[in-house]
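Take a look at the fold below before reading on. The text walks through the sheet, then the helices, then the charged pairs.

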Amino acid sequence: MIITIDAGHTKNTNAGIIKGYYEGNAMFILANYLREELLRYKDVGVVLTRDEDDNPTLSDRGSLAINSKSKIFISLHSNAVSNAESAAYVCGFYSVKREVSKELCQKLVSAVTDVMKEETDAWNRGALTKKNSAGSDYYGVIRSSVAGKSEVEYSFIIEHGFHTNKKECEFLMDDKNLRKIAEAEVKVLAEYFDLKLRNAKIYNVEIGPFKGETRAEEVVEKVKQAGFSNARIIEAATLKTVEDFAKEIIDGKWGLGHAMREAKLKEAGWLELYTYEEIRIKVNEIYK
C-alpha cells in the first residue's frame with residue numbers, strides 16, 4: 001500500500017499568532033514524522049509531495065498520488081481565521097468523489113483531537129466536505145488527487161487545529177507534540193488497514209545520558225544542525241552504575257590509559273552523571 005503525504009504550502013508560509021510558527025514548516029516536520037512511523041509497517045510505501053524548500057502546485061501534489069498509484073492521499077494543514085481565539089477545532093475535508101474516505105477521515109480527526117485537547121481547547125468538528133460551483137471538490141489538492149481514472153481510494157485534508165489560536169499554535173510549535181500527532185494518526189491507519197510491523201531490526205544511536213533536560217536539549221539541537229533531523233530526547237529506563245563502568249574499564253571497553261578513557265566517557269555523555277575520579281576509585285576497589 002502506498003500513501004502520499006502532502007505537507008501543505010511551503011517553507012516559511014502562513015505565520016501563526018506566535019512568532020516563529022509557520023504552517024508550511026510545521027506540516028513538513030509532521031509529514032516526515034508520519035513517514036518515519038508508517039515505514040515501520042510491512043508493505044507500506046510513502047511518497048512525500050515536497051522537500052523542505054519545494055512548492056509544487058496543487059495539481060502536481062494530487063497528480064503525484066495518482067502517478068505513484070497511491071491508495072491514500074493526505075494533505076496536512078493547520079487552520080486560520082480572523083477571529084483568532086474563537087476557533088479551536090480539528091476537522092477534515094474528504095473528497096466528494098470518495099465517500100469511503102469519510103470514516104477514516106473522522107477517525108484521524110478524532111485521534112488528533114484527543115492528542116491536542118490535553119493541552120489546548122481543541123474540539124472535534126468531524127469529517128466534512130466542501131464543493132465548488134460545479135459540484136466537485138472545492139480544494140484543488142483533493143480534486144487533483146481523484147481526477148480522471150485515479151486509483152486513489154481515500155483522499156482528504158486534515159486541519160490540525162488553528163495557528164491563529166495561541167494555545168494551539170504553541171502546541172504545534174513543539175516537535176514533541178507533532179510526533180505525538182504522527183504516532184496517533186499512524187495508529188489509526190495501522191488499525192484501519194490491519195497493518196503489521198516489519199520484523200527488521202532497528203538500531204538506535206545513543207548520545208548521553210544527561211542530568212538536566214536543558215543540557216539534553218542543547219545536544220539534540222546540535223545533532224539536528226548536523227543533519228540528523230529525527231534526533232529526540234528519550235527518558236532512560238535504567239542507568240549504568242559507577243561499578244558497571246569500572247568493570248567495563250577493567251575489560252578494556254573504554255581504551256587504555258586515563259586520558260583515553262576519560263575522553264571516551266566524556267564524549268559518550270557519561271561524565272554528565274559521574275566524575276571520572278569516582279569511576280577510577282571504583283576500579284581500584286575492584287582490583288584490591
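Strands pair here if DSSP finds at least two bridges between them. Strands (E, at least two residues) and helices (H or I, at least four) are DSSP runs, numbered from the N terminus.

This is a predicted model: local features need pLDDT of at least 70, and side-chain atom pairs count only at pLDDT 80 or more, while totals for chains, interfaces and linings use all residues. Residues are numbered from 1 along each chain as its sequence is written, and side-chain values use heavy atoms, with hydrogens and water left out.

β1 also pairs with β2, in the parallel sense, over four bridges. There, Ile3 stands opposite Val46 of β2. The chain gets from β1 to β2 through α1, in a right-handed β-α-β crossover. Right-handed means this: with the strands pointing away from the viewer, the path from the first strand over the helix to the second runs clockwise.

How enclosed is β1 by the rest of the structure? Largely, because five of its six residues are buried. Buried means under 20% relative accessible area, exposed means over 50%, and partly exposed lies in between (1.4 Å probe, protein chains only).

Now step back. The open sheet has six strands, ordered β2-β1-β3-β6-β4-β5, with mixed pairing. Its edges are β2 (45-48) and β5 (123-128). Each has a single partner strand, so one side of each has no neighbour in the sheet. From one strand to the next, the twist averages 20°. Strands of a sheet pair through backbone hydrogen bonds, either parallel or antiparallel.

**Helices and their buried faces**

Helix α2 (residues 58-67) lies across β1 (2-7), β2 and β3. It runs at about 170° to β1. Axes are lines fitted to C-alpha atoms, for helices over the stretch in contact, and angles run from 0 to 180 degrees between N-to-C directions.

Which residues of α2 are buried? They are Arg61, Gly62 and Ala65. Seen down the helix axis, the buried residues of α2 fall within an arc of 90°, so they line one face. The arc is that of the directions from the helix axis to the C-beta atoms. What covers them includes β1, β3 and α4 (140-145). Contact means heavy atoms within 4.5 Å. After α2 comes Lys69, with a positive phi near 60°.

Helix α8 (residues 242-250) can be read in a similar way. Its buried residues include Val242, Phe245, Ala246, Glu248 and Ile249. These cover an arc of only 165° around the axis, which puts them on the same side of α8. An α-helix has 3.6 residues a turn, so residues three or four places apart point the same way. Just after α8, Gly252 has a positive phi of about 85°.

**Charged pairs**

The whole structure holds 13 salt bridges. A salt bridge is a side-chain nitrogen of Lys or Arg within 4 Å of a carboxyl oxygen of Asp or Glu.

One of them joins Arg179 and Glu36, at 3.4 Å from N to O. Arg179 lies in helix α6 (residues 175-192) and Glu36 in helix α1 (residues 23-38), so the pair ties together parts that are 143 residues apart in sequence. Is Arg179 buried or exposed? Arg179 is buried, at 6% relative accessibility. Glu36 is partly exposed, at 26%.

Glu37 pairs with Arg40, with the closest N and O atoms 3.2 Å apart. Glu37 is buried at 9%, and Arg40 is partly exposed at 34%. A network of salt bridges links Glu36, Glu37, Arg40 and Arg179.

Asp175 and Lys224 form another salt bridge, with the closest N and O atoms 3.3 Å apart. This pair also links distant parts of the chain: Asp175 is in α6, Lys224 is in helix α7 (residues 213-225), and they are 49 residues apart. Asp175 is partly exposed, at 24% relative accessibility. Lys224 is partly exposed, with a relative accessible area of 24%.
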